[in-house]
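Please look over the sequence and the model below before reading on.

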Amino acid sequence: MLVVINLTAEIVYYLDSLGVNVGQCLEMRKLFDTAINIYHANKGTKVSKIKFSNIKWMKIKCLIQDNGSDCGYYVLRFMREILLCSQEGVIQHAYFPTYRFEKYSPEQIEEVKQEWCRYIFENIISK
């Protein structure tokens with residue numbers, strides 16, 4: 001699962017390649033609500049309890065994996081595509097509707113693995 005927080009708008013976007021309903025993940029919601037509360041406390045802004053309890057959670061439509069082992073690669077691929085395709089830093093609710101496939105192909109997963117390995121080698125190991 002990839003979670004992106006827009007602190008100023010108090011929106012939590014999430015992409016979940018396993019198809020879990022985040023509404024059922026009460027502990028996770030509490031964690032992110034607390035993080036937003038800490039942000040406001042450190043910034044010196046106060047948010048009423050009514051406003052704080054209305055933090056908006058937006059599920060972004062995304063591709064669903066067909067196994068329990070590729071979620072990390074899906075998250076990396078989501079991040080890559082968001083950075084390359086998003087406009088003005090806004091994640092669209094129907095982010096993936098232009099795709100004509102239901103899941104990433106083995107080649108697309110392999111591409112992410114190769115890019116990640118290249119990045120680690122060039123920016124961490126080689127320095």
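Predicted model: local features only at pLDDT ≥ 70, side-chain atom pairs only at ≥ 80, totals over all residues.

## The nonpolar cores

The largest nonpolar core has 14 residues, and those with the most contacts inside it are Leu-2, Tyr-13, Leu-15, Tyr-74, Phe-78 and Tyr-104. A nonpolar core is here a set of buried Ala, Val, Leu, Ile, Met, Phe, Trp, Tyr and Cys residues joined through side-chain atoms within 4.5 Å, where buried means under 20% relative accessible area, exposed means over 50%, and partly exposed lies in between, with a 1.4 Å probe and protein chains only. Strand S2 (11-15) and helix H3 are the elements that give two or more residues to this core, and H3 provides the largest share, 4 residues. Helices (H or I, at least four residues) and strands (E, at least two) are DSSP runs, numbered from the N terminus.

Leu-2 touches Tyr-13, Tyr-14, Leu-15, Val-75, Phe-78, Met-79 and Ile-82, leaving out residues up to four places away in sequence; contact means heavy atoms within 4.5 Å.

Residues are numbered from 1 along each chain as its sequence is written, and side-chain values use heavy atoms, with hydrogens and water left out.

## Aromatic pairs

Rings of Phe, Tyr and Trp (its six-membered ring) pair if their centres lie within 6.5 Å, and planes under 30 degrees apart count as stacked, over 60 as edge-to-face and the rest as tilted. By this rule the count comes to 6 aromatic pairs. One of them is the tilted pair of Tyr-74 and Tyr-104, with 4.8 Å centre to centre and 55° between the planes. Because Tyr-74 lies in helix H3 (residues 71-85) and Tyr-104 in the loop between H3 and helix H4 (106-125), this pair ties together parts that are 30 residues apart in sequence.

The rings of Phe-78 and Tyr-104 have their centres 6.1 Å apart and their planes at 50°, so this pair is tilted. Phe-78 is buried, with a relative accessible area of 0%, and Tyr-104, at 4% relative accessibility, counts as buried. Ring pairs also link Tyr-14, Phe-32 and Trp-57 into a cluster.

## The strands and Ile-11

Strand S1 (residues 2-6) and S2 run antiparallel and are joined by 5 bridges; two strands pair if DSSP finds at least two bridges between them. The bridge partner of Val-4 in S2 is Tyr-13. The hairpin of S1 and S2 has 4 residues between the strands, and in this hairpin Glu-10 takes a positive phi near 55°.

Ile-11 lies in strand S2 and, at 14% relative accessibility, counts as buried. Leaving aside its neighbours within four places in sequence, Ile-11 is in contact with Val-4, Ile-5, Asn-6, Lys-56 and Met-58. The C-alpha atoms of Ile-11 and Met-58 are separated by 7.1 Å, although these residues are 47 residues apart along the chain.

Which loop holds Gln-65? Gln-65 is found in the loop between strand S3 (56-59) and H3, and Gln-65 is buried, with a relative accessible area of 7%. The side chain of Gln-65 makes a polar contact with the side chain of Ser-17 (2.5 Å), and a polar atom of the Gln-65 side chain lies 3.3 Å from the backbone nitrogen of Cys-71. A polar contact is a pair of N or O atoms within 3.5 Å; within protein, one must be able to donate a hydrogen and the other to accept it, and residues adjacent in sequence count only if both atoms are side-chain atoms.
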